[in-house]
Amino acid sequence: ALANRPRILLMDEPYGALDSQTRCKMQSYLLQIWRQVDVTILFVTHDLDEATLLADRILVLGTNPSRIQEIIEVPVPRPRSP
């Protein structure tokens, strides 16, 4: 996904089917990639802990049709730990 040097990387629940240990490792890898590559990542998740760990900004969506209900700036400074 990064071979073409995109400006935005879209990820729709990429870790949803993983076990907890593998999920934590993949989150760590994603943060490493994000620090090394100048790319914006749009990450869809239903896991609040995952969103808080990975995001600078969380968009809460409403129901049909999906609309942004709230934008939350994550107040926890980086680097963060699980």
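This is a short tour of one chain, from the whole model down to two residues.

**Before you start**

The model is predicted, so local features need pLDDT of at least 70 and side-chain atom pairs count only at pLDDT 80 or more, while totals for chains, interfaces and linings use all residues. Residues are numbered from 1 along each chain as its sequence is written, and side-chain values use heavy atoms, with hydrogens and water left out.

**Select the whole chain**

Show the C-alpha trace, which spans about 35 × 30 × 30 Å along its principal axes. Switch to a cartoon to find two helices and four strands, in the order β-α-β-α-β-β along the sequence. Helices (H or I, at least four residues) and strands (E, at least two) are DSSP runs, numbered from the N terminus.

Of the 82 residues, 22% are buried. Buried means under 20% relative accessible area, exposed means over 50%, and partly exposed lies in between (1.4 Å probe, protein chains only).

Contacts come next, a contact being heavy atoms within 4.5 Å. Among those in the chain with a separation of 6 or more, 44% join residues 24 or more positions apart.

**Select helix α1, then Gln-27**

Helix α1 covers residues 20–36, and Gln-27 is found in it. Is Gln-27 buried or exposed? Gln-27 is buried, at a relative accessible area of 7%. Leaving aside residues up to four places away in sequence, Gln-27 touches Tyr-15, Glu-50, Leu-53 and Leu-54.

**Select residues 57–61 and 68–73**

These are strands β3 and β4, which pair in the antiparallel sense over five bridges. Two strands pair if DSSP finds at least two bridges between them. Six residues lie between β3 and β4 in this hairpin.

**Select Leu-59**

Leu-59 is in strand β3 and stands opposite Ile-71 in β4. With residues up to four places away in sequence not counted, Leu-59 touches Ile-68, Glu-70 and Ile-71. The relative accessible area of Leu-59 is 43%, which means that Leu-59 is partly exposed.

To finish, draw a distance from Leu-59 back to Tyr-15. Their C-alpha atoms are separated by 19 Å, and the two residues are 44 residues apart along the chain. Tyr-15 is also one of the residues that Gln-27 touches.
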